[in-house]
Amino acid sequence: PLKNFIGKMHHPVLRRVHSLDIMAVLDLFSMPSEYRMQAMGIQSGGYLNQYRYPHVHFSLMVSLRGDRKALVQDVMFLTSALTALSHIDLHLYGCDFAYGKALMAVRDDFAISGMLIRPDRCVAVNVCEGPENSAPLYSTIQALCTRERLLFQPEPLRDMLCSGAAYVQALLAPGQQWMLGRLTEHTLPDDLFGEILAQCEQEGMAVDRARLEELHRVAAAVMQQGRVRLLLYESAVSDLVVSGQVEFFDRIVQLTLAQRAQLLQQLMSWNEAESGVELRLIHGRLVPDFQYDVHPCMFLNEAGATLRLEGCDQVLHVNRPEMAAAYLTFFEEIWNGEAPGVVQEPEQIRQYLAHLLQNVRMLADIQPPVFETRVAIVRRKAELMDLDMPPEVSEYIANKLKSNIRQLEGVVKKLNAYNKL
């Protein structure tokens with residue numbers, strides 16, 4: 001049974017994370033969902049490993065032969081596997097040689113081979129250990145893993161930003177189709193983008209202001225003038241309300257409640273008919289039976305496809321035309337409602353975003369403002385009421401009342417009433 005074969009694949013040598021070099025050929029897409037997850041070691045759930053293992057090298061070849069009958073599930077599995085294994089040096093290759101095969105070799109240690117005769121059954125299984133026995137299979141697979149067969153070309157996001165050319169070219173290509181599992185710099189309105197850029201500079205972060213402003217101008221022009229089809233995970237927006245976190249190029253930034261409201265208003269403007277963005281929401285999981293859930297960012301167009309994975313400081317450029325075509329078809333199926341949980345009606349989207357905006361404003365009302373803000377609120381309220389309030393009085397009130405804005409305004413109103421008696 002394939003289950004037993006996979007159990008033998010998980011040899012104790014794989015725990016040697018200080019130095020590990022693995023070559024494998026697995027016809028994953030011929031395997032049932034639960035077995036392919038077990039083979040990749042992610043059956044316990046999609047998680048982002050906080051540790052990095054740069055000395056664990058894993059080269060994996062898969063077969064792309066045949067029509068993908070469950071394309072949405074296949075693409076989500078592949079993307080989830082890339083995310084879950086982003087803490088190691090993973091390289092994925094595609095070749096028909098992988099069809100019907102299950103091979104793995106750990107350099108100088110261990111090798112296992114077999115042939116798939118059914119999706120759940122493997123025959124001609126051979127297991128061997130030691131450098132001499134494992135070397136032939138390792139060398140055979142290594143020779144097949146050539147650059148032209150590489151499915152995804154990794155690039156550090158910081159390197160991509162240094163020149164900016166690839167970033168701009170991707171934005172200017174026709175047929176923009178984006179899937180956002182997290183809110184990124186692409187979604188920021190102009191004024192909020194400027195605020196965050198200034199905030200990064202104040203915090204001492206190394207930023208190339210001119211270059212980032214240029215990239216933002218291009219992205220904003222594409223969003224305003226072009227037709228961008230945007231699939232946005234509901235969880236990305238709800239997480240913004242609670243955490244306030246946004247991906248700003250190669251870093252995570254924290255938005256204030258006022259800034260979160262600005263961003264939600266931007267999303268609501270995109271939902272309008274005259275917008276250059278056609279917006280739809282993904283509610284829940286695209287593949288309900290998966291034991292894990294990842295929220296990738298995919299930037300697809302007629303020129304290619306790029307993935308930004310959760311918790312990863314690299315982008316993955318799709319390197320093969322058949323893989324790029326699979327991602328485009330995947331997006332099209334989701335967009336057309338062929339997967340569960342896609343909200344297409346603009347009114348439903350408007351109501352959802354309006355509800356989140358109301359929640360942000362409620363949080364702003366109950367969240368205690370800092371001392372300087374409290375003083376400014378008291379003074380401003382007094383000015384509006386033509387109440388002459390000495391600085392020491394406004395500071396005293398601000399120091400005593402720390403809970404919320406309404407309390408501060410209420411005290412000023414009472415003082416104004418007493419003053420008129």
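Reply: The largest nonpolar core holds 119 residues, and among its members F152, M179, L286, Y327, F330 and I334 touch the most others. A nonpolar core here is a set of buried Ala, Val, Leu, Ile, Met, Phe, Trp, Tyr and Cys residues joined through side-chain atoms within 4.5 Å, where buried means under 20% relative accessible area, exposed over 50% and partly exposed in between, with a 1.4 Å probe and protein chains only. The model is predicted, so that local features need pLDDT of at least 70 and side-chain atom pairs count only at pLDDT 80 or more, while totals for chains, interfaces and linings use all residues. Residues are numbered from 1 along each chain as its sequence is written, and side-chain values use heavy atoms, with hydrogens and water left out.

Helix α3 (residues 71-84) gives the most to this core, with nine residues; helices (H or I, at least four residues) and strands (E, at least two) are DSSP runs, numbered from the N terminus. If residues up to four places away in sequence are not counted, I334 touches V72, M179, L231, I282, L286, A339 and V342, contact meaning heavy atoms within 4.5 Å. A second core of 16 residues is separate and includes Y93, I141, C145 and L150.

Turning to the strands, an open sheet of eight runs in the order β7-β15-β14-β13-β8-β9-β12-β16, with mixed pairing; two strands pair if DSSP finds at least two bridges between them. At the edges stand β7 (152-156) and β16 (342-343), and each has a single partner strand, so one side of each is left without a neighbour in the sheet. Helix α3 packs on this sheet, where it touches β7, β9, β13 (297-301), β14 (304-308) and β15 (314-318), and its direction makes about 40° with that of β7. For such angles, axes are lines fitted to C-alpha atoms, for helices over the stretch in contact, and the values run from 0 to 180 degrees between N-to-C directions.

With strand β8 (residues 177-180), β13 pairs in the antiparallel sense over three bridges, and W178 stands opposite F299 of β13. With β14, β13 again pairs in the antiparallel sense, here over five bridges, and M298 stands opposite L307 in β14. These two strands, β13 and β14, form a hairpin that has two residues between them.

Elsewhere in the eight-stranded sheet, strand β9 (residues 228-233) and strand β12 (residues 277-282) pair in the parallel sense over six bridges, with V228 opposite V277 in β12. Helix α9 (residues 234-243) has E234, A236, V237, L240 and V241 as its buried residues, and the residue that follows α9, G244, has a positive phi near 75°.

There is also an open sheet of six strands, ordered β3-β2-β1-β4-β5-β6 with mixed pairing, whose edge strands β3 (88-94) and β6 (121-129) each pair on one side only.
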